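Thanks for coming. Please look at the model on the screen while I go through a few of its features.

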There are 2 protein chains.
Amino acid sequence: MANTREQLVAATKELLWERGYEATSPRAILEKSGAGQGSFYHHFSSKAALAAAALQEAADDMRCNLEPILHSNAPALQRIRDYLTMPREELRGCRIGRMTHEPIIRQDETLRDPIVAYFSYAEQELATVLAEAQREGALSENINVDDLAATLLATVQGGYVLARGFQDPERMHQAIRGALTLIDSIEQKKEV
Amino acid sequence: MANTREQLVAATKELLWERGYEATSPRAILEKSGAGQGSFYHHFSSKAALAAAALQEAADDMRCNLEPILHSNAPALQRIRDYLTMPREELRGCRIGRMTHEPIIRQDETLRDPIVAYFSYAEQELATVLAEAQREGALSENINVDDLAATLLATVQGGYVLARGFQDPERMHQAIRGALTLIDSIEQKKEV
């Protein structure tokens, strides 16, 4: 059995994904984790501190999913396609992105830090792979890879928003297909 | 002075945008609207019914902002660019998109209806303009306009997510710039 701190973090991860920050009460965390009443403030100074630890873990999980895709041996632009089409829980939404509309995000930097860190990581990794595609000759040097990385990340984040809004995973897939078409359209084919 | 029903809807619109559904209490709506305690259930059967009316109004406002841009006399692809670069309250987020991560959205169709209606409207309008761009010869006939419309809408929605996450409007602008670059790259120039 995991220790109490881990149980609290695991329960909070799930509740934040399902309900968000505001709607997750310390009581619900205690109930879901099975931890004793005194354990909460023994391990964490506040709900925000526990939530920040949970978001940090969620971001680490997501990073672990991205790493092998973005660092595979495939050509760079194929790795971008693999990122766009990787399996996602469309209807659950993004564990990080879904937090951004919580009002507390504007005030609480502890809670924003893991979000900023994950988005920065994803954008930088995508930009690095796009720059590799430029060196491989598959992508024009005129394209700003930082901007395009932000567009790809936004497409995925917005894809979750559409899937949630329609309650239909296909709405995310459609946005992803459009992005794939754009990638196909700008790819510079090597002369044979 | 607006009538009580209008006051309730206007207050709810603001609170949903700022806090979301779960965190908006009937009490907060009454306080913000200045309406009397009995008026809430006189005009609306539930918080969800009032919220649905408020979201409907918010969606109507957004439609009114889109209409002149997508139906201007500019060439079709320019109208797409105008859509991407129209002024937005990046840090407040999208009034419709921000609702999609509320748990109640999965169960309550009354509340989901205005969201589905707005996203459907925006996607169809964008697809129509993209099809015009194809007829004008500015866009390849090989491009699926429904997919591309979804990608553009997702880029905007995801742009809000990034701006909120970083608490920096520039993060949304960056995603939009990337999309503009893609549009530039796929535009078919007329031969002179």
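**Cavities, symmetry and helices**

Searching the whole structure turns up eight cavities of 30 Å³ or more. A cavity here, on a 1 Å grid over the protein atoms alone, is a set of points where a 1.4 Å probe fits but cannot get out, and lining residues have an atom within 4 Å of a point. Grid points are joined across faces, edges and corners, and a volume is the space filled by probe spheres set on the points.

Before going on, some ground rules. This is a predicted model, in which local features need pLDDT of at least 70 and side-chain atom pairs count only at pLDDT 80 or more, while totals for chains, interfaces and linings use all residues. Residues are numbered from 1 along each chain as its sequence is written, chains are lettered from A and ligands numbered from 1 in the order in which they are written, and side-chain values use heavy atoms, with hydrogens and water left out.

What kinds of residues make up the lining of the largest cavity? Four are nonpolar, two polar and eight charged. In this count, Ala, Val, Leu, Ile, Met, Phe, Trp, Tyr, Cys and Pro are nonpolar, Asp, Glu, Lys and Arg are charged, and the others, Gly among them, are polar.

The second largest cavity has a volume of about 50 Å³. Residues from chains A and B line it, including His101(A), Arg106(A), Trp17(B) and Arg164(B). Its lining has two nonpolar residues, one polar and five charged.

Next, how the chains are related. Chain A is superposed on chain B by a rotation of 180° with 0.0 Å of shift along its axis, and the RMSD is 0.0 Å. The two copies are therefore related as by a two-fold rotation axis. In chain A, Gly158(A) has the C-alpha nearest the axis, 2.0 Å from it. The superposition is by least squares on the C-alpha atoms of residues with pLDDT of at least 70 in both copies. Of the interface residues of chain A, 98% are also interface residues in chain B, so the copies meet through the same surface.

Now chain A by itself. It has nine helices and zero strands; helices (H or I, at least four residues) and strands (E, at least two) are DSSP runs, numbered from the N terminus. The C-alpha trace of chain A spans about 70 × 35 × 30 Å along its principal axes.

Lys32(A) belongs to helix H2 (residues 26-33) of chain A. Leaving aside neighbours within four places in sequence, Lys32(A) is in contact (heavy atoms within 4.5 Å) with Ala11(A), Glu14(A) and Leu15(A).

In chain B, take helix H7 (residues 109-135). At 1.5 Å a residue, its 27 residues should span 39 Å, and its end C-alpha atoms are 37 Å apart, which agrees. The expected span is 1.5 Å times one less than the number of residues. After H7(B) comes Gly137(B), with a positive phi near 85°.

Finally, a point about phi. Most residues other than glycine have a negative phi. Gln167(A) has a positive phi, near 50°, and sits in the loop between helix H8 (145-166) and helix H9 (169-186) of chain A. Gln167(B), also not a glycine, has a positive phi of about 50°.

Technical notes:
1 Å grid on protein atoms, 1.4 Å probe; cavity = no way out; pocket = protein on both sides within 12 Å on 5 of 7 lines; lining within 4 Å.
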